[in-house]
Amino acid sequence: MPDHAFIGRQPVLNRQQQIIGYELLFRLDQHAISAEFSSDLQAGTNVLVNTLSNMGTDWLVGNKLAFINVAHAMLESNFLELLHPQRVVLEIVESVQATPELLERARELRGQGFGIALDDFEFNPQSAPFLEIANYVKLDIQQHGLDNIARLSKEIRRYPVMQVAEKVETKDEFKRCWDLGFDCFQGYYFAHPETLTAKVINPAYANILNLLNMLRNNAEIKEIENALKKDVALSFKLLRYINSAGFGLSCEIHSFRHAVTILGYQKLYRWLTLLLVTAGAENSTPPALMKTAVTRGRLVELFGQHFLEGADRDNLFVVGVFSLLDVMLEMPMDRILENLLLPEPVCDALLHRTGIYGPFLELAEACEDPEMSNVKPLAERLQITPDMLNRDHISALAWVEELGV
């Protein structure tokens, strides 16, 4: 059934490592995959249209794009007319032949405002005519190899298209593609980053960790106030956050004591959690990595809210957000947890993906995998339906966009 498809996403980044859009990945259940092509198309288009019309513009805030794979049948279908052309890039998959009819259809869709991308592109007589119409060309660097990619990239430069390096898995591959002049990047290097060697936690991190521990231990307000005063950047960010219009306060806040009282320990803890991740901005952490961490935090929280409440929900958020700290700080997770006095179930989830929170984190991580191969069993184990999962996923993305991380 069409409503049993899972939706995933993988970020597409520009040369500054900022996210310009997400490739939306549709994975039907086993039956739909093995069924006739017509039902595959029907399932794919139903999910596509339902999702994108439900997303509305709140999900795709600002200039973010949705990259969507389309095969021959989808390309010819009228379903595409239901999408928001300015928000969508149609990725024509490599199996589509450039017949005069399909070239005309692609030209027509581009005229309507859709972006056109060529997925897993190979330069041959069947695919070359599409280059005259496309905005983006995606090259799989694992399939071609970096040496061939350089040659292919140079050939394609004759056409006015943005080149996207796909399947970028390591820092070295990212650097090589960047040097070759690729415009955009996609791959595990951004969504499944590797743990590198240890990096010392700088003072800003240390102060945030210290404050988190104080809040966990219910320290006196005066002690917390003094700790905030020690870090100018931290205190400035806190006051700016509380005085921001979004907080909806009727009065300006001038003292830290007042700030802590207004926010309460729980909200302050959540804000510091977020800050610990976004503090990486001054620390050469790629923006996409921070965004992945914050999205993951929200997603873990939303998955868990179907079953847990109260303090557990705050812990779920922390589990998701902190699950990439080892990559950001370039330190092993167990070393980081020595500095953080976190509850045992949180540590179990971060270290072993076990305990009460572990399965929710596993599911959120599985949603970042383009293959999405583990999503179905993990969701079923938690009794999360595809509908619930997709709704939570879209909601998490919308929340992070509104946050402006």
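## A salt-bridge network

Glu23, Glu91, Lys138 and Glu166 are joined in a network of salt bridges (a salt bridge being a side-chain nitrogen of Lys or Arg within 4 Å of a carboxyl oxygen of Asp or Glu). This is a predicted model, where local features need pLDDT of at least 70 and side-chain atom pairs count only at pLDDT 80 or more, while totals for chains, interfaces and linings use all residues. Residues are numbered from 1 along each chain as its sequence is written, and side-chain values use heavy atoms, with hydrogens and water left out.

Let's look at one link in that network. Lysine 138 pairs with glutamate 166, with 3.6 Å between the closest N and O atoms. Lysine 138 sits in strand E6 and glutamate 166 in strand E7, so the bridge ties together parts 28 residues apart in sequence (strands are DSSP E runs of at least two residues, helices H or I runs of at least four, both numbered from the N terminus). Lysine 138 counts as buried because its relative accessibility is 0%, and glutamate 166 is buried too, at 9% (buried means under 20% relative accessible area, exposed over 50%, partly exposed in between, with a 1.4 Å probe and protein chains only).

A search of the whole structure turns up 16 salt bridges. Aspartate 140 is buried at 4% relative accessibility, whereas lysine 167 is partly exposed at 41%.

Then there's aspartate 147 and arginine 176, whose side chains meet in a salt bridge of 3.6 Å, N to O. Here helix H6 supplies the aspartate and helix H7 the arginine, so parts 29 residues apart in sequence are tied together. Aspartate 147 is exposed, with a relative accessible area of 64%, and arginine 176 is partly exposed at 35%.

## The two sides of H6

In helix H6 (residues 146-156), the buried residues are Leu146, Ile149, Leu152, Ser153 and Ile156. They span an arc of only 110° around the axis, which puts them on the same side of H6 (the arc is taken from the directions from the helix axis to the C-beta atoms). On the face turned away from that buried side are the exposed residues Asp147 and Lys154.

What covers the buried residues? Among the covering elements are strand E6 (136-140), helix H5 (141-144), strand E7 (162-166) and helix H7 (171-179).

## Arginine 296

Over in helix H13 (residues 287-305) we find arginine 296. This arginine counts as buried, with 5% relative accessibility. The side chains of arginine 296 and serine 323 are joined by a polar contact of 2.9 Å (a pair of N or O atoms within 3.5 Å; within protein, one must be able to donate a hydrogen and the other to accept it, and residues adjacent in sequence count only if both atoms are side-chain atoms).

The protein has 20 helices and 8 strands, and 54% of its 405 residues count as buried. Mean pLDDT is 80, with 79% of residues at 70 or more (pLDDT is the predictor's confidence in each residue, from 0 to 100).

Which stretch calls for caution? Over residues 29-37 pLDDT stays under 50, and the model has 8 contacts beyond four places in sequence for them (contact means heavy atoms within 4.5 Å). Where pLDDT is low, the predicted coordinates should not be read in detail.
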